[in-house]
Amino acid sequence: LPQTRVTFWDHVSELFASSFADTIGAWCEKNNLLFTGHLMWEPTLHTQVIGVGEAMRSYRSFGLPGIDMLGNGYEYMTAKQAQSASHQFGRVGVLSEMYGVTSWSFDFRGHKLQGDWQAALGITTRVHHLSLLSLLGEAKRDYPASFNVHVPWYKEYPYVEDHYARLNTVLTRGKARVRVGVIHPIESMWLNWGPTGLSQEAQDRLDAQFKNVTEWLLFGNVDFDFICESLLPRLCEKGDNPLPVGSVAYEAVIIPGSDTIRSSTLERLEAFCLSGGTLIFMGDVPAYVDGAPSNRAKALAEAQGKMIPFERLDLMKAVEP
């Protein structure tokens, strides 16, 4: 049953977050340290379920939320999830473990391009992967390069790093003003979790929508935060306009083609709409609430929401104000 799936994955995700992140985070806070690092398999809804159940839930205990960016990849969703939590919990920035598996031939231009897009998405603490003590044996092939004396350019590397030291000093001196929130659709992936042959199409649809809404907003120059439903009751006691979520308040909220939504989320969004907030439903309106069939989201969409097709131009028009 869909409700059983949602309940199971919610339980598993909470057990992981409370046992791992909360335990270490509480110890770090007690000892005046910032708990940081990164989770396993952050980039897609599908990989998150396999790795940790839900990535954003664990960020509640990170003094400095972090990500891992292997190779010369571009994982906008990964960075946005951590940045969103950092905004909402009022953290000092976001950490990224970067440049691992970029090979011995990765040049300064690549370092700059990787550094720039991550800086644009809130990365303010750079952790270089890795600095080897020796290249003996298999170490030479262990996810190079090495940020150490083994590379001919190590004395020139301040050309790259001094730039980011100055940039990140500036980026950590202000407070982001983000007007748009996007309800994170991880729980819809839980709802559709099942045998590959029976659920793959729904899972692929959700991951494609997750990627599209992220890139459409970012490349349309619309900044936004993901709103994690499991964290929302803790960060937002009651709905209002703008919608207060921890240290941030959103003037518009987007529900991106989700299949299920929490009753606690709907309660706050109903109050948000009554206060004049802009609520945008992209594509299908959630037909489930807390994993059970319900018309509650449909009623809100028809009465006070703005329903648009799951298309880039429709989204950009809806958020333009």
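I began with surface patches, which are made of residues with over 30% relative accessible area and no salt bridge, like charges being joined within 9 Å and nonpolar side chains (Val, Leu, Ile, Met, Phe, Trp, Tyr) within 5 Å. This is a predicted model, where local features need pLDDT of at least 70 and side-chain atom pairs count only at pLDDT 80 or more, while totals for chains, interfaces and linings use all residues. Residues are numbered from 1 along each chain as its sequence is written, and side-chain values use heavy atoms, with hydrogens and water left out.

**Entry: a patch on the surface**

I looked up Met40, Trp41 and Ile50, and found that they form a nonpolar patch with about 310 Å² of accessible area together. Such areas come from the Shrake-Rupley method with a 1.4 Å probe, and for residues only the protein chains shown count as cover. I placed Trp41 in the loop between α1 (2-30) and α2 (45-51). Helices (H or I, at least four residues) and strands (E, at least two) are DSSP runs, numbered from the N terminus. Trp41 has 43% relative accessibility, so I noted it as partly exposed; buried means under 20% relative accessible area, exposed over 50%, and partly exposed lies in between (1.4 Å probe, protein chains only).

Asn32, not a glycine, has a positive phi of about 60°. Asn32 sits in the loop between α1 and α2, and at 73% relative accessibility it counts as exposed. I found Val101 in the loop between β2 (94-98) and α5 (108-120), partly exposed at 40% relative accessibility.

Then I turned to peptide bonds. The one from Pro144 to Ala145 is cis, with omega near 15°, and Ala145 lies in the loop between β3 (123-128) and α6 (158-171). Asn241 and Pro242 are joined by a cis bond too, with omega about 0°. I located Pro242 in the loop between α9 (232-235) and β6 (243-245).

**Entry: salt bridges**

I took a salt bridge to be a side-chain nitrogen of Lys or Arg within 4 Å of a carboxyl oxygen of Asp or Glu. By this rule I have 15 salt bridges in my notes.

One of them joins Arg57 and Glu14, at 2.8 Å from N to O. This pair links distant parts of the chain, with Arg57 in helix α3 (residues 55-58) and Glu14 in helix α1, 43 residues apart. Arg57 is buried, with a relative accessible area of 3%, whereas Glu14 is partly exposed at 30%. Both belong to a network of salt bridges that also links Asp10, Asp22, Glu54, Arg60, Glu187 and Arg262.

I also looked up Asp259 and Arg205, whose closest N and O atoms are 2.8 Å apart in a salt bridge. They too link distant parts of the chain: Asp259 is in the loop between β8 (252-256) and β9 (260-261), Arg205 is in helix α8, and 54 residues separate them. Asp259 counts as buried at 13% relative accessibility, while Arg205 is partly exposed at 29%.

Glu215 and Lys211 form a salt bridge as well, with closest N and O atoms 3.2 Å apart. Because they are four residues apart in helix α8, about one helical turn separates them. Lys211 is partly exposed, with a relative accessible area of 38%.
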